[in-house]
Amino acid sequence: HEASSNDSGEALLNSLKAMEGIALSGETQDLVTRLGGISSILAAMGRTAGLDDSDLPASTRKEIVEACEAMIDKCDMKAATNLPIGYAADAVNRLNELTDPNNKKKIAKDAKLQAQMMVDLRTLLVYASSDATGVQIVRMGALEAAIKTCKSIINLPPTCHNKESLHQSCSITIAEIVDVMEKHLLDETLDVEKHHIDLEVLDHALVEIDRLGPSVSRVPSDAKTFLAHLRVMSTCAISKSATHAVLKKGALGVMIQALSLACSLDVAPLTTLQTSEKEEIVNAAARALRGLIQSTMRSGETDPSVAQNMIDEIVDNGTIECVLRGLQANAKYDVTELLELLATLATVEHLRESILNQKGIRLVIRVLQLHKNDPDVILAATKVLKILAETNEGANAVSQRGGTRSVIKFAMECPSDPAFVPAAAGAAELLATLVVASKEVEG
């Protein structure tokens with residue numbers, strides 16, 4: 001809050017580095033989020049982004065903003081507290097104002113406005129990630145503001161220097177807000193389905209996913225853009241009307257093809273794709289496809305023919321084979337969303353039989369064994385096995401292929417880390433399902 005100068009810029013950078021040291025220390029890492037450090041970082045980033053060269057050199061401003069962004073990426077926002085809700089409300093209002101069609105040319109030329117847009121998107125990402133504020137920002141229209149911003153960004157000219165980074169930040173923010181809304185689909189006070197989804201943004205994402213697929217492993221910028229569009233497509237998870245509209249345009253086939261491509265991407269030295277990028281693309285593709293399927297299933301509750309048509313298309317497009325091939329080829333990577341997608345497919349009896357017939361259990365158990373230190377993968381894997389074990393045939397297959405033994409081994413060696421509590425609970429539920437099934441067989 002001091003007058004801007006080189007000295008104050010240096011002092012702010014030193015403070016951020018000190019805070020980063022606190023955040024990365026095992027003993028103090030939660031202090032930044034619990035004591036209001038995140039709101040301080042957002043305030044510093046916002047103030048710095050709004051300065052001119054006469055206030056602070058561009059190089060110093062860039063360094064400060066990048067340090068703030070790095071801190072946001074490193075901190076676990078889930079438990080963040082002391083976040084003034086006014087920051088989020090201001091971000092929503094500014095984004096709505098900036099994305100007014102009359103401001104299109106101004107944004108394309110003004111780096112300061114682009115910086116402010118980035119700060120506001122980062123702000124909404126932080127507030128969506130926090131358990132304390134996620135629902136609040138949904139109610140104030142954060143999703144609509146983020147989607148409007150996405151539409152504005154994709155219409156910026158290719159010459160706009162920050163277009164790619166803005167698109168990435170916007171897509172991550174949209175996906176995080178959608179994640180909040182997915183958790184409250186049955187919350188009548190939130191009424192998720194009433195939120196407006198701009199179909200032009202989804203249509204554009206669908207076309208670009210189809211177009212960019214072949215060049216993802218060769219062109220770094222195409223890989224980033226492909227990933228951003230996949231994240232945007234996750235929006236279908238919370239809108240039956242949007243899902244219905246994109247399915248008419250062949251969305252299911254495009255997303256299955258995108259998942260198949262993502263799972264087969266090569267990360268060998270001859271390509272430009274990094275392992276972390278591949279994991280992000282695979283998970284984003286699986287999540288988007290899962291959202292399409294779950295949203296259609298909800299529509300099927302009132303119109304069974306809708307769900308049946310989707311199941312037929314899933315079978316015709318070889319979706320089960322695609323997911324299982326993906327698990328086999330990517331078992332050593334983070335495949336949490338692939339497992340979540342498989343769990344969704346397994347809830348349909350016909351598809352569950354297909355998973356069993358194609359040795360799906362063996363693949364899931366292999367993943368479980370490879371990721372014994374990853375609570376998210378363990379939870380997703382035990383979820384799949386529990387669904388498959390709900391029939392006598394499935395329970396028998398899980399036991400025969402070493403599933404019971406693997407889960408008991410995990411339960412005995414499970415770390416005391418709180419992050420493993422949901423995974424341990426999932427393992428316990430799976431064991432209970434297997435015990436009940438074995439008693440029914442004995443009976």
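This is a predicted model: local features need pLDDT of at least 70, side-chain atom pairs count only at pLDDT 80 or more; totals for chains, interfaces and linings use all residues.
Mentor: Residues are numbered from 1 along each chain as its sequence is written, and side-chain values use heavy atoms, with hydrogens and water left out.

Trainee: Why are α11 and α14 called oblique to each other?

Mentor: The axes of α11 (residues 199-212) and α14 (residues 251-263) come within 10 Å and cross at roughly 40°. Angles under 35 degrees count as roughly parallel, over 145 as roughly antiparallel, 65 to 115 as roughly perpendicular and the rest as oblique. The pair is therefore oblique.

Trainee: Which residues of α11 and α14 make the contact?

Mentor: L206, I209 and D210 of α11 meet A251, V254, M255, Q257 and A258 of α14, contact meaning heavy atoms within 4.5 Å.

Trainee: What makes R290 count as buried?

Mentor: Buried means under 20% relative accessible area, exposed over 50%, partly exposed in between (1.4 Å probe, protein chains only). R290 has 10% relative accessibility, so R290 counts as buried. R290 lies in helix α15 (residues 275-300).

Trainee: Which side chain does R290 join in a polar contact of 3.5 Å?

Mentor: That of E182. A polar contact is a pair of N or O atoms within 3.5 Å; within protein, one must be able to donate a hydrogen and the other to accept it, and residues adjacent in sequence count only if both atoms are side-chain atoms.

Key
Axes are lines fitted to C-alpha atoms, for helices over the stretch in contact, and angles run from 0 to 180 degrees between N-to-C directions. Helices (H or I, at least four residues) and strands (E, at least two) are DSSP runs, numbered from the N terminus.
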